[in-house]
Amino acid sequence: MGTESWLSFLPLLLVLLIAGLIWAKVRRDARNASPIPVAQGGAPIPEYKGPLAFFRRHYNGDYSLARSYWVNTFLVSLFAPVLGLILLPWLSENFPARYGSAGFLFITGLGIAAWFWAVSGTWASANKHVQRGGKSGWATVAKFMIVMGVLKTFGDVG
């Protein structure tokens with residue numbers, strides 16, 4: 001591989017580096033956040049501010065289990081592949097092949113990151129579901145469905 005082929009991956013590496021730094025900051029801020037309001041079951045709900053508040057709140061499981069599972073996880077799992085199917089042909093038609101390949105890797109990485117964010121937030125919400133007054137059966141069902149989705153993904157990849 002020549003220097004030119006390595007340079008085509010530079011934007012992807014830069015985006016992954018920036019995403020990693022943002023993720024580390026979000027996790028650090030979430031750990032240092034001071035909880036103020038109290039939910040129905042007595043579990044504290046931290047106050048989130050800033051442009052990433054929605055993502056931090058979901059990732060920490062502070063949305064209801066229904067919203068975390070159906071809106072944040074199900075819709076991300078449904079629309080992330082659709083977005084890739086729309087963008088990849090456009091990239092491959094309008095740009096050289098190396099940019100199409102870098103775009104494919106970027107979209108794949110973004111989809112994996114979005115899936116991880118969605119699933120981990122739903123898992124955290126399931127952990128807090130009973131404290132908020134929900135039934136433990138729904139929390140168990142949500143976790144079971146997440147595990148089944150992971151197993152299905154491994155089977156599809158295999």
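Let's begin with a group of rings: Phe54, Phe55, Tyr63 and Trp117 form one aromatic cluster in this predicted model. In total, the structure holds 7 aromatic pairs. Take the pair of Phe54 and Tyr63: the ring centres are 5.7 Å apart and the planes meet at 50°, so this pair is classed as tilted. To be edge-to-face, the planes would have to be over 60 degrees apart. The two partners also differ in how they meet the surroundings. Phe54 has 30% relative accessibility and therefore counts as partly exposed, while Tyr63, at 9%, counts as buried.

A second pair shows another geometry. Trp70 and Phe74 are arranged edge-to-face, with 5.6 Å from centre to centre and 65° between the planes. Where do Trp70 and Phe74 lie? Both belong to helix H4, which covers residues 65-94, and they are 4 residues apart, about one turn of the helix. Trp70 has a relative accessibility of 51%, so it counts as exposed. Phe74, at 40%, counts as partly exposed.

Arg67 lies over the face of Tyr63, at 4.0 Å from the ring centre.

Next, let's look at the nonpolar residues. In soluble globular proteins, nonpolar side chains tend to be buried together. Here the largest nonpolar core has 5 residues, namely Leu65, Tyr69, Ala126, Ala139 and Ala142. Helix H4 and helix H6 (136-157) each supply at least two residues of this core.

If we set aside its neighbours within four places in sequence, Leu65 is in contact with Thr122, Ser125, Ala126, His129, Arg132, Trp138, Ala139 and Ala142. Is Ser125 buried or exposed? Its relative accessibility is 0%, so Ser125 counts as buried. With neighbours within four places in sequence again left out, the contacts of Ser125 include Gly61, Tyr63, Ser64 and Ser68.

With a relative accessible area of 31%, Leu87 is partly exposed. The C-alpha atoms of Leu87 and Gly100 are separated by 9.6 Å, and these residues are 13 apart along the chain.

Let's step back and see the whole chain. The protein chain has 6 helices and 2 strands, and reading along the sequence gives the pattern α-α-β-β-α-α-α-α. Of its 158 residues, 26% are buried. Among contacts between residues at least 6 apart in sequence, 62% join residues at least 24 apart. The accessible surface comes to about 10,600 Å², and 73% of that area belongs to carbon and sulfur atoms.

Finally, how far can we trust the picture? The chain averages a pLDDT of 80, and 80% of the residues score at least 70. Confidence is highest in helix H3 (residues 53-59), with a mean of 90, and lowest in strand E1 (residues 35-38), with a mean of 47. Where pLDDT is low, the predicted coordinates should not be read in detail.

Notes:
Residues numbered from 1 in each chain as written. Heavy atoms only, no water. Phe/Tyr/Trp six-rings, centres within 6.5 Å; stacked < 30°, edge-to-face > 60°. Buried < 20%, exposed > 50% of the residue type's maximum accessible area, 1.4 Å probe, protein only. Lys NZ or Arg CZ within 6 Å of the ring centre and 35° of its normal. Core = buried A, V, L, I, M, F, W, Y, C linked by side-chain atoms within 4.5 Å. Contact = heavy atoms within 4.5 Å. pLDDT = per-residue confidence, 0-100. Areas by Shrake-Rupley, 256 points an atom, 1.4 Å probe, with all protein chains shown as cover.
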